[in-house]
Amino acid sequence: QLQLVESGGGLVQPGGSLRLSCAASGFDLDYYTTAWFRQAPGKEREGISCLSSSDSSTYYADSVKGRFTISRDSAKHTMYLQMSRLKPEDTAIYYCNVVVPGPVESIYWGQGTQVTVSA
């Protein structure tokens, strides 16, 4: 069964850091583009970063560029989002995402992990 399980969220003060993890079962992450999304209260879910499977290129939304880093560890079947210099506006539920292409595209989501940035 294909599954993504997230961990690492929590409460952090402004300026602090957190690392989110997303463990994949049934996937070899090297073969798929992986991404992180977030959804703040009252807002739509937004894509904030992705890591290409083809050339390992990365994308970051302007709101997180220079502060967040996406990565993956193939041996551990895990993807990460290292978040630094966190701001209150980073408060949201964070979701990992894998898209499996094919005759019918399949999209997989983690269960979400809450990140709260507050003094």
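The legends below describe close-up views of a predicted model.

Local features require pLDDT of at least 70 and side-chain atom pairs count only at pLDDT 80 or more, whereas totals for chains, interfaces and linings use all residues. Residues are numbered from 1 along each chain as its sequence is written, and side-chain values use heavy atoms, with hydrogens and water left out.

**View A. The aromatic pair of F37 and W109.** The structure contains two aromatic pairs, a pair being rings of Phe, Tyr and Trp (its six-membered ring) with centres within 6.5 Å; planes under 30 degrees apart count as stacked, over 60 as edge-to-face and the rest as tilted. F37 and W109 form an edge-to-face pair, with 4.9 Å centre to centre and 70° between the planes. Because F37 belongs to strand β4 (residues 34-39) and W109 to strand β10 (residues 106-109), the pair ties together parts that are 72 residues apart in sequence. Strands (E, at least two residues) are DSSP runs, numbered from the N terminus. F37 has 21% relative accessibility and therefore counts as partly exposed; W109, at 35%, also counts as partly exposed. In this classification, buried means under 20% relative accessible area, exposed over 50%, and partly exposed in between (1.4 Å probe, protein chains only).

**View B. The aromatic pair of Y95 and W109.** Y95 and W109 are likewise edge-to-face, at 6.3 Å centre to centre and 85° between the planes. This pair links distant parts of the chain, Y95 in strand β9 (residues 92-100) and W109 in strand β10, which are 14 residues apart. Y95 counts as buried because its relative accessibility is 11%.

**View C. R45 over two aromatic rings.** R45 lies over the face of Y95, at 3.7 Å from the ring centre. R45 also lies over the face of W109, at 4.5 Å from the ring centre. The criterion places NZ of Lys or CZ of Arg within 6 Å of the ring centre and within 35 degrees of the ring normal.

**View D. The largest nonpolar core.** A nonpolar core is a set of buried Ala, Val, Leu, Ile, Met, Phe, Trp, Tyr and Cys residues joined through side-chain atoms within 4.5 Å. The largest core has 28 residues, of which W36, F68, L81, M83 and Y94 touch the most other members. At least two residues of this core come from each of β3 (18-25), β5 (46-51), β7 (68-73), β8 (78-83), β9 and β11 (113-117). Strand β9 supplies the largest share, five residues. With contact defined as heavy atoms within 4.5 Å, and residues up to four places away in sequence not counted, M83 touches G16, S17, L18, L20, R67, F68, Y94 and V115.

**View E. Salt bridges around R38.** A salt bridge is a side-chain nitrogen of Lys or Arg within 4 Å of a carboxyl oxygen of Asp or Glu, and the count by this rule is five. The side chains of R38 and E46 meet at 2.8 Å, N to O. R38 counts as buried because its relative accessibility is 5%, whereas E46, at 33%, counts as partly exposed. R38 also forms a salt bridge with D90, the closest N and O atoms being 2.9 Å apart. The pair of R38, in strand β4, and D90, in the loop between β8 and β9, links parts of the chain 52 residues apart. D90 has 1% relative accessibility and so counts as buried. Salt bridges that share partners join R38, E46, R67 and D90 into one network.

**View F. The salt bridge of K65 and D62.** The side chains of K65 and D62 meet in a salt bridge of 3.2 Å, N to O. D62 counts as exposed because its relative accessibility is 68%.

How values were computed. Helix = DSSP H or I, 4+ residues; strand = E, 2+ residues; numbered from the N terminus.
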